Structures are given as C-alpha cells and as structure tokens.
Amino acid sequence: MGQSMFIFFLVKGLEISAPIAFAALGAVFSERSGVVNIALEGIMIVTSFTIVWASIALQSVWLGLFFAVIAGSFIALIHAVVTVTFKVDQIVSGVALNIFAFGLARFLSQKVFGQETQTPTNPYLFPQLLGVNSVAFWLIPIAILAWFVLYRTVFGLRLRTVGENPEAADTLGLNVYGLRYTGVIISGAMCGMSAATLFPSQWISGMTAGRGYIALAAMIFGRWDPIGAVLASLLFGYADTFRIMFETKIPIPSQFVQMFPYILAVVVLAGMVGKARAPAADGKPYIKGED
Amino acid sequence: MKLDRIKIDKYRLLEIVSPVLGFLASLVVLVIIVVAVGESPVKAFVAIYKFSLSKSAKLATILSMSIPLFFAGIAVAFAFQAGVFNIGVEGQYFFGGLIGALAGIYFHFPPFIHIPVVIIFSMLGGALWALIPAILKVTKNVHEVISTIMFNSIALALLNYLVNDPLSGLGKGKSLEPQTAKIQSTALFGKINGFFRLLGWNVPDYVYLDYSLIVAIIMGIIVWFVLFRMRYGFEIRAVGTSLDVARYAGMKVKRLQIAAFLISGALGGLIGLQEIFAIRGYYTYNIASGLGFDGIAIALIGRNSPLGVVFASILFAFLKQAGYGLQFYTSVPNSVIYVITGLMILFIVVINEITAGYIKALRKKEAL
C-alpha cells in the first residue's frame, strides 16, 4: 500500500464512519438523559431524504442540511412526547417510528419526485477535502464539543443527573421532562449530520442499511461516552472501509467480509460484561410525584 | 357479587378501547393524507373496499396474506410474554426457511412424514438462529435488541453466500434468480381451497390457502394452551411481568427467558412455510422480507395474546391489501400504509397509557 493510498484509506474511513459516529454521539445525549432511542434508523431514513429534497428544492446543500436537522429533530420530538410525556415503552415507540419513517420517506419521494424508491441526483454538494466529503471532518470538533458539553457544562451535569437519578433531580428542582426532551431532540438533530455525510447526492430506499442500529451498538460499546462512541464508530467504519477497498484482494467470500462488522459488534458487546453500565434510569419513564 | 362482575367488565371494556380508538385515529390521519394529496376520501375508501372486502376472492387473498403475518406476530408475542424483545425474527425466518427447505430437498420420506419433518426443521432453524442472542442475553447481559439486529444482517450475508455458492441449485442459465435445488414433491404444501369451496366460500385457484393455514391454526392453539393453561406458560408470563417477583418466587428466570426466546425463534421459522413450500418450491434469499418487523407491530396491536394476534394479522393483511387498492385506483402511494401503521401503534400505546392511568385512578377511588 503506497503512502497516498494509505492517506486515502484514512480519510475514506473517516467519511464512512461519520454517519454512524454522528448518530452515536446524538444517542449518547438521549441515553444519558434516560431515553433509549431505537428510532435512530428511521430518523436517519427521513433526514437522508430531507437533505436531498431540500437541497434540490432550495438549490443549496447548506439549506438542505438545515432542514435535515429540523426533520430529524421533529421525528425525535414525537419520540420524546410519546415516551417522556406519555411514558410509553421507549423501544415500542422507537419501533413504531421506524415503520412510520420508512413509509414517510417513500411516500414523500413518490409525491415529490414521482418515484417511490429513489430520488433524482442532487447536484448541490458539500465541498470536498482530500477527496472526500468535507463535513466528515467536522466529526472531530463536534465530538470534542459533545464531550465538553456533557462533562464540563451545567447543562451536561443536569442531563446526566436526570438519566442517573430523576427523583433526586426533580427534588433539586431540575426540569426532568425538559432535559429529557432536549436529550432526545439532540439525537434527532445529529441524525441530520449523519445524512450530510452518508450520501447527500441521492436518496435511495434502504440506503441507511442498519446504520442507526450500528450507531446504537457503537454507543453501548463506547460506554455511553461521546469519545468512546466515536472511537467505536470508527472501528465499525474502518472495518467497512477495509472491506470496500480490499474485498477483491481477500481470498475469502465477500459475504463473510460483509458479516465482519456485525460479528465484531456482537463479540465486542459480549466481551463487555461487567465493564460498562448504562445510566441507571436509562429506558425508564419518570412519573412525577410517585413514591 | 353481581356488582363486582359489572365493574370488572367496565375495566375490560376500557382495555379493549385503546386498540379500537387507535385504529380509528389512524383512519382519521389517512383521510387527512388523502385530502392533502388532493384525492377524495370517498374515492379512497371505495378503492380500499374494491381491493379488500368486495369479493370472496379478495377476502381469501387477505386470509392467505395473514398466514405468514400470523406466524410473525405470534413469534414476537411469545417472546414479549417473557419480557424478551425479539427483533431478530427477521433473521430467524430467513434461516429457518433454509433449514426447512434443505430437509425438503435432501430427505426422502412419504408426504405424511416429510411435511411434518420440514415444519419441524423450519422451527429448529429458527430456534438455532435465536440461540446465540438468547444465551448472550442471559449470561452476558447483551441487550437482545442490538444482538438480534446484528444477527439479522449476519443471516442475510450468510444466506447470500450459501444459496449462491455451496447450495446453489441453478442449472446452467435456467433461471436468473439464485436459488437452491427444487424441494421434493413429497414435502410440498398442497392447497385446501377445495375444502372452503365445499363450505360454500368461492376461493379461486390462484389464492394460496394451503397447509400452512392448518399449521397456523394448530400452532395458535398450542401457544394459547401453553401460555394460559400450563404452569410453564404461567411462569413465562410471570417473568415477563416482573423479573424480580419471578425470581423471588423461585422460578428459573434465565432458563425461562432462553426457552421463550428459542420458542419465539421456532415460531418465527414458520413464517416462510407458505412462500417456500406452497408457492415457490425452492429456497432463495429473495423471499419476502420485513415480516419480522411486521410481526412486532402485529404483536403490539394484538396485545401479545394468540387471539389478538389472529385479529391483528388479518387487520395487517387487510391494510396491505388496502395499500395496493389505493395505489391502483388513486394517486395515494402504497407506502402510506406504513405511515398509518406506525402511527396506529403510537396511538394505541399512548391511548393505552391514558386509559391505564384512568383505570388506576378509578380503582384508587373505589378502594377509598
């Protein structure tokens, strides 16, 4: 492997990891506030449609990104209303939203572009840097910012308190529901960033291919920590990049190479026994005034 | 005594209210969407009617479509009963279908043995694909939602390899679709349309009401019996209701959860029966996908009870058919059905929480 090839592998891997990493970063905020967001996959479907739609309609990929973030936040808001206000099981809500989002993107694609499973190509793209989508490089400052917000700001402290011990947080006068809404909406907004790095040139049904779920696995593997989640996402992303770049040169059937990241995820999660702990109130609705 | 009974019925009524209201609320959304795309709601409902309830052939199609959906729903529901969220039914039926098909291809038996054998092998395959996530859940605390999703992806890649390479049954250029060898005629599922015609229901030949319907009915009864008439089922439900209480009562919680997970996988293995053994007669990874996820919706709408799943799977088949009707006769795309289904689940669970709160308040008031 030549030097230029190596650099290309590095940046290409960053580009391929970015959609997973952004979603995983968002998931950290949702889960640290106490809400499991399995709707990431569906939200990513909607944001990756929205970015193409809005870019073409408004002739600017930046406006496209803006509306993708809005769309992601909106679907996440539904999740927050259903799970925080109405205290519905978070996984049930997430599954329902995934079904909803799958239909919504196809419905809109049919209505807007006359084709259910794909849009036309979007000519308005982000600038390239070193041969890849430049937005991928935002991952590094955003990850550091996420770490800072979570561990070095009052908001981050409050968010973590709500996820660990909502009763105590309530007693201290914190707005438990408001903080959980914020956490969930951040996870939706970050899926807008995922859309910006996934494939903003076109929307094709099925293009997210389980990345929302992989992001959840990465977040768990990263121990509910922003930096950990990004590193785990890079592991999945680079494994995939390796497959794409060297598939033809490896003497084993391509399907086994394709399985590798998933097997890796299972092995990694199985090996984490006793080492990682979810936020204490993660997945549990908080009911005000109950003893 | 008599008064008590009336009160209990009132609670029962409140519990049934949420699926009904949820269904109605999603219909309202459907009407709004139809109007928003500039179609008349009347035209839309006529389209749905024409494609679903207008003719006995359409009704039979709905029943036929509901068979795999029923297996999907009952598989997810069984796991739910034990507090296990099996999102992996998708991978389990793809894998179970292959194992069943292999038993149909390579074993030689007379039909009355061969057919039960392929059913059992389909179940074993489904259970096998649930085994590792089940063990990881109880021993390593790996959340089954993540592990089964990974196993879905692994299954797809593995089956792609197996059907394309070692198990490929393609003659030279006979068909473009990757597939296994043909299943022996002794393992193929015949149709029972004639039986329904005897009953006076005019089911046309092209509709598949096959042996898988009989399997579905038998499995539904067995699952109901196990869950609600056997101690084992009681324990499984106890684990699903409260892990701590079940543990305190001395139940073997881990073993029960593994068992429920495997049974769920086994039931899921039956989803492909109709398509593989009645319609295609060979296995391919191009069999209908997404049924595992439909099963989650069906289990939720059917509130995890076998009878509820029967209704929910027929409702779901009706909705799918309604989607085709809309697509065919109006400018409303078929995908609107997924939008409606997702919303329906949300409506049902939200209304359910509200009525549950209301029931709790009522009970409290009565206790005072």
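Val132(A) is found in strand 2 of chain A, which covers residues 132-133. The structure it belongs to is a predicted model. Val132(A) counts as buried because 20 C-beta neighbours lie inside 10 Å, and 20 is the number at which a residue is called buried. Leaving out residues up to four places away in sequence, Val132(A) touches Val11(A), Lys12(A) and Glu15(A). Phe8(A) is 124 residues from Val132(A) along the chain, yet the two C-alpha atoms are separated by 8.8 Å.

Chain A has 11 helices and two strands. Read from the N terminus, its elements run α-α-α-α-β-β-α-α-α-α-α-α-α. The radius of gyration of chain A is 19 Å, close to the 19 Å that the globule rule gives for 291 residues, so chain A is as compact as a globular protein of that length. Taken along the principal axes, the C-alpha atoms of chain A fill a box of roughly 60 × 45 × 30 Å. Of the 291 residues in chain A, 52% are buried. Among contacts in chain A with a separation of 6 or more, 79% are between residues 24 or more positions apart.

Helix 6 of chain A, residues 154-164, shows how one element packs against others. Its buried residues are Leu159(A), Arg160(A), Thr161(A), Val162(A) and Gly163(A). These buried residues pack against helix 1 (3-32), helix 5 (139-152), helix 7 (166-171) and helix 8 (176-198) of chain A.

Ala209(A) lies in the loop between helix 8 and helix 9 of chain A. Its phi is positive, about 45°, although Ala209(A) is not a glycine. Ala209(A) is exposed, with 12 other C-beta atoms within 10 Å. Arg223(A) lies in the loop between helix 9 and helix 10 (226-246) of chain A. Phi of Arg223(A) is near 55°, again a positive value in a residue other than glycine. Arg223(A) counts as partly exposed, with 16 C-beta neighbours inside 10 Å.

Next comes chain B. Chain B has 15 helices and zero strands. For its 368 residues, a compact globule would have a radius of gyration near 21 Å; chain B has 22 Å, which agrees. The C-alpha trace of chain B spans about 80 × 60 × 40 Å along its principal axes. Buried residues make up 52% of chain B. Of the contacts in chain B between residues at least 6 apart in sequence, 74% join residues at least 24 apart.

Helix 2 of chain B, residues 41-52, has 12 residues. From its first C-alpha to its last it reaches 16 Å, close to the 16 Å expected at 1.5 Å a residue. The buried residues of this helix are Ala44(B), Ala47(B), Ile48(B), Phe51(B) and Ser52(B). They are on the same side of helix 2 of chain B, because they cover an arc of only 110° around the axis.

Further along, Val138(B) is in helix 5 of chain B, residues 111-140. Val138(B) is partly exposed, with 17 other C-beta atoms within 10 Å. Apart from its neighbours within four places in sequence, Val138(B) is in contact with Lys254(B), Gln257(B) and Ile258(B). Lys254(B) is 116 residues from Val138(B) in sequence, and the distance between them is 5.8 Å, C-alpha to C-alpha.

The last topic is how the two chains meet. The contact takes 38 residues from chain A and 36 residues from chain B. On the side of chain A that touches chain B, the elements that give two or more residues are helix 4 (90-113), helix 9 (211-221) and helix 11 (254-270) of chain A. Helix 4 of chain A gives the most, with 15 residues. By class, this side of chain A has 28 nonpolar, six polar and four charged residues.

The largest nonpolar core has 218 residues. Those with the most contacts inside it are Ala24(A), Ala217(A) and Ala218(A). Helix 3 of chain B, residues 56-81, supplies the largest share of this core, 15 residues. Ala217(A), leaving aside neighbours within four places in sequence, is in contact with Ala265(A) and Leu269(A), and also with Ile146(B) and Met150(B).

How values were computed. Residues are numbered from 1 along each chain as its sequence is written. Chains are lettered from A and ligands numbered from 1 in the order in which they are written. This is a predicted model: local features need pLDDT of at least 70, side-chain atom pairs count only at pLDDT 80 or more; totals for chains, interfaces and linings use all residues. Two residues are in contact if their C-beta atoms, placed from the backbone, lie within 7 Å. Helices (H or I, at least four residues) and strands (E, at least two) are DSSP runs, numbered from the N terminus. Ala, Val, Leu, Ile, Met, Phe, Trp, Tyr, Cys and Pro count as nonpolar, Asp, Glu, Lys and Arg as charged, and the others, Gly among them, as polar. A nonpolar core is a set of buried Ala, Val, Leu, Ile, Met, Phe, Trp, Tyr and Cys residues joined through C-beta atoms within 7 Å. The radius of gyration is taken over C-alpha atoms; the globule rule is 2.2 Å times the number of residues to the power 0.38. The expected span of a helix is 1.5 Å times one less than its number of residues. The arc is that of the directions from the helix axis to the C-beta atoms.
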